[in-house]
Amino acid sequence: MAEENVLQLELDKLDVSALKRLATLWNINKIPKEKKAIAKKIVECMQDEFYLKGVLERLSATQVTIYTSILKSKSSILTLGEIARKIGAPPVNAEMELGVLKRYFLVYQRKNRERLTNNLDKYYFFTESGVKIRMETNEKGQKFRSSLPKTVFSRPSVPKEWESVAGKKPDSAALSSPENIRKLIDHLSDLERELLLECFQQGGILEMHRVKEIATARKAKWEDPVVHLNDLGLLIDDYYIDEKFVRLLIMPLEVFALYSENPALPGEKKGTKKRQERRVVNDLDFVLNVKKMIVYLGRKGLNLAKSGKIKQIDLKDTENKFLRPDISLFMEKSQIYQIELLLPLMRQMDIVRVKRDDVVLRNDYDAILETDPFELEKRVMQEITMGRDRRVRYEDVFEPMYVPFYEKAVFDECVSAIQKRGKVLFFVILASMIREKLILSKAFRIKNFQQELADLKKEITSAFFYLQLLGLISVEYPDRRIEISELGNLLFRGKALVRDDQKGGVILNPDLSLIAIPEKLSVEGLYLLKCFLELKSFDNVFTFQLTRESFLEGLLLKKNPQELIEFLRRTCRSDLPQNLLFSIEEWSRSVPLVTITDECVLVQTQDAAHMDLLLGQISGKKFVTQKIGPTSILIEQDKIPETIQISEKLNLIVRLVR
């Protein structure tokens with residue numbers, strides 16, 4: 001019996017229902033009714049690479065090893081014993097794996113009639129499908145660097161769609177032209193464009209399970225767009241061997257370059273109202289919130305729940321009192337409360353700690369209030385970098401659980417990518433970094449792709465989240481175009497701030513409400529307004545309200561009221577109203593401050609001379625917080641041992657009361 005007839009003979013042995021089951025296994029949709037027609041259709045599909053790839057991608061690593069071993073065999077035959085040795089498993093296990101290959105009609109068996117053992121049973125591959133299989137690997141990532149012209153010219157003929165946009169018999173230059181590629185893409189269906197965009201966002205490759213998910217979401221068939229895009233060469237339906245048969249849609253270099261320079265935006269869902277276009281930059285809002293948090297803890301304190309978490313009432317209270325920097329670059333992160341971002345950073349700066357169930361201030365937190373905001377911005381960036389390398393775990397309330405601190409190397413790469421491109425869509429940077437750091441890496445393995453992709457996205461998300469939070473990038477909505485902000489250029493490149501305070505930048509109303517136009521005000525000017533005034537809203541312009549409470553908070557933030565007056569005189573076209581000047585003077589003169597000190601230690605002597613003797617030794621060592629009488633002082637709690645030691649050296653008798 002000629003070998004080429006074996007497949008037909010085996011199919012003839014099956015009844016109609018068995019043939020239909022086999023056709024379903026091969027993902028054949030339009031199955032004829034007659035037996036001969038079904039068998040003919042199956043033979044045709046077994047020789048069609050599209051259907052063959054659909055079967056190969058389902059095989060396990062062990063089945064791939066067995067099948068490729070038979071294909072590579074010089075005689076195209078392997079016995080069961082040889083197969084068992086190749087996979088390092090007992091013959092019974094090998095038979096189970098071969099059963100799957102037989103069910104797909106990839107191999108057939110010829111039993112050994114001469115001996116009792118089945119180890120000498122011979123297994124052959126069906127030539128109809130076997131000769132079509134390419135035994136290619138992708139060790140150097142060459143498949144991810146496919147050329148569009150080379151792919152199109154490898155087709156039996158140039159697709160008519162290409163001839164309609166690039167002319168008859170187009171050359172390589174015409175096929176590589178961004179204008180022609182864009183024209184071709186514009187004529188694609190919505191599903192095909194979505195597959196292209198998804199492939200781009202994953203660095204230029206798309207796994208078939210993701211293709212099927214997208215098609216299912218649109219209630220469409222996935223086969224037609226895959227075949228069409230492959231015929232056009234816009235996405236190459238290819239496979240290679242990496243333990244298993246790996247099937248991917250691969251974006252050619254020219255198409256990826258087009259999307260990098262001139263990307264197509266994700267399509268809006270029907271019925272979705274498009275968000276209003278606006279440009280947002282946070283400037284120094286987050287570092288001001290650090291100072292506001294210090295003031296808040298100093299005024300109200302923060303009592304934690306028994307679980308060690310922040311109470312819901314405190315989450316909402318602080319959110320209303322603090323500025324709300326824009327963090328909508330990642331919509332899933334936009335619901336994070338500011339206090340959940342501030343406490344981990346402040347713990348890293350070592351200015352807060354937990355005492356019993358309270359979050360309390362520690363060390364020289366007053367120095368933070370007096371620090372120049374630009375210097376504080378630099379310190380915040382340094383602390384975040386150091387926090388990433390920290391090995392000691394803090395209490396949960398001080399851990400950055402919602403957005404981990406960024407890795408410095410990834411942060412720098414993100415900044416460099418934005419600087420190189422200028423104003424760019426966020427997902428373009430994301431796609432380019434996935435491609436460079438993951439897809440084109442020598443260590444890339446498809447089996448690790450999803451986990452490595454998730455890890456890399458997490459790192460990039462952290463970097464961009466803090467870039468936005470710290471005001472180092474500006475974001476244009478709804479398309480999420482990003483660029484390095486004025487503040488970012490100052491810190492990254494040392495460029496001077498561009499914006500100055502201009503006349504007309506502030507419009508002051510008689511009721512002490514105020515409108516600030518950001519284009520006419522400096523970063524420092526807006527920072528000053530946010531210190532002393534309550535921010536009501538932002539819709540391309542800022543709306544503020546000066547109140548007694550907001551002004552007193554500005555004083556607690558260590559800001560000078562005279563700076564505010566001078567700033568308003570520089571930026572208002574009209575003279576400042578008398579009620580404003582009177583209110584500022586009145587509020588500045590009578591600050592109703594009550595100081596309640598916790599964890600201070602009272603030191604007393606019976607004789608004032610003994611106190612003078614003791615003060616002579618400790619006054620220059622920052623022990624004393626306050627002198628409250630000739631024989632009484634308050635000292636820091638952690639200075640008790642040293643005070644005892646000094647007292648004993650002075651021959652003073654110590655009585656420790658605890």
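Analyst: Two strands pair if DSSP finds at least two bridges between them. This criterion is applied below to a predicted model.

User: What makes strand E11 (residues 424-425) and E13 a pair of strands?

Analyst: The two are joined by 2 bridges. At least two are required, so E11 and E13 meet the criterion and count as paired. Their sense is antiparallel, and Val424 has Ile482 of E13 as its bridge partner.

User: How do you know that strand E12 (residues 473-477) pairs with E13?

Analyst: E12 and E13 share 4 bridges in the antiparallel sense; the requirement is at least two, therefore they pair. Arg481 in E13 is the bridge partner of Glu476. The hairpin of E12 and E13 has 3 residues between the strands, and Arg480 there takes a positive phi near 65 degrees. Strand E13 (residues 481-484) also has two kinds of face: Ile482 and Ile484 lie on the covered one, Arg481 and Glu483 on the uncovered one.

User: Why is Gln545 called buried?

Analyst: Its relative accessible area is 18%. Buried means under 20%, so Gln545 falls within the class. This residue belongs to strand E17 (residues 542-545). Beyond four places in sequence, its contacts include Asp511, Leu512, Ser513 and Lys536.

User: What makes the approach of the Gln545 side chain to the backbone oxygen of Asp511 a polar contact?

Analyst: A polar atom of that side chain lies 2.9 Å from the Asp511 backbone oxygen.

User: Why do Val280 and Asn180 count as buried?

Analyst: Val280 has 9% relative accessibility and Asn180 has 11%. Each value is under 20%, so each residue is classed as buried. Val280 sits in strand E7 (residues 278-280) and, leaving out residues up to four places away, touches Asp326, Ser474, Val475, Tyr477 and Phe538. Asn180 is in helix H12 (residues 178-186); with the same exclusion, Asn180 touches Trp162, Val165, Ala166 and Ala174.

User: Why is helix H17 called roughly perpendicular to H19?

Analyst: Two packed helices are described by the angle between their axes and the distance between the axes. The axes of H17 (residues 285-299) and H19 (residues 338-348) come within 10 Å and cross at roughly 85 degrees. Angles of 65 to 115 degrees count as roughly perpendicular, so H17 and H19 receive that description. Among the residues that meet are Phe286 and Met293 in H17, and Leu342 and Met346 in H19. By class, this contact has 11 nonpolar, 2 polar and no charged residues.

User: What makes E1 and E2 edge strands?

Analyst: The open sheet of 3 strands has the order E1-E3-E2, with antiparallel pairing. Strand E1 (77-79) and strand E2 (107-110) each pair on one side only, and on that basis are the edge strands. From one strand to the next, the twist averages 30 degrees. E2 and strand E3 (residues 122-125) are linked by 4 antiparallel bridges; Arg110 has Lys122 as its bridge partner in E3. Helix H6 (residues 80-87) packs on this sheet, touching E1 and E3.

Technical notes
Residues numbered from 1 in each chain as written. Predicted model: local features only at pLDDT ≥ 70, side-chain atom pairs only at ≥ 80, totals over all residues. Heavy atoms only, no water. Axes fitted to C-alpha atoms, helices over the stretch in contact; angles between N-to-C directions. Contact = heavy atoms within 4.5 Å. Buried < 20%, exposed > 50% of the residue type's maximum accessible area, 1.4 Å probe, protein only. Polar contact = N/O pair within 3.5 Å; in protein donor to acceptor, adjacent residues only side chain to side chain. Parallel < 35°, antiparallel > 145°, perpendicular 65-115°, else oblique. Nonpolar A, V, L, I, M, F, W, Y, C, P; charged D, E, K, R; others polar.
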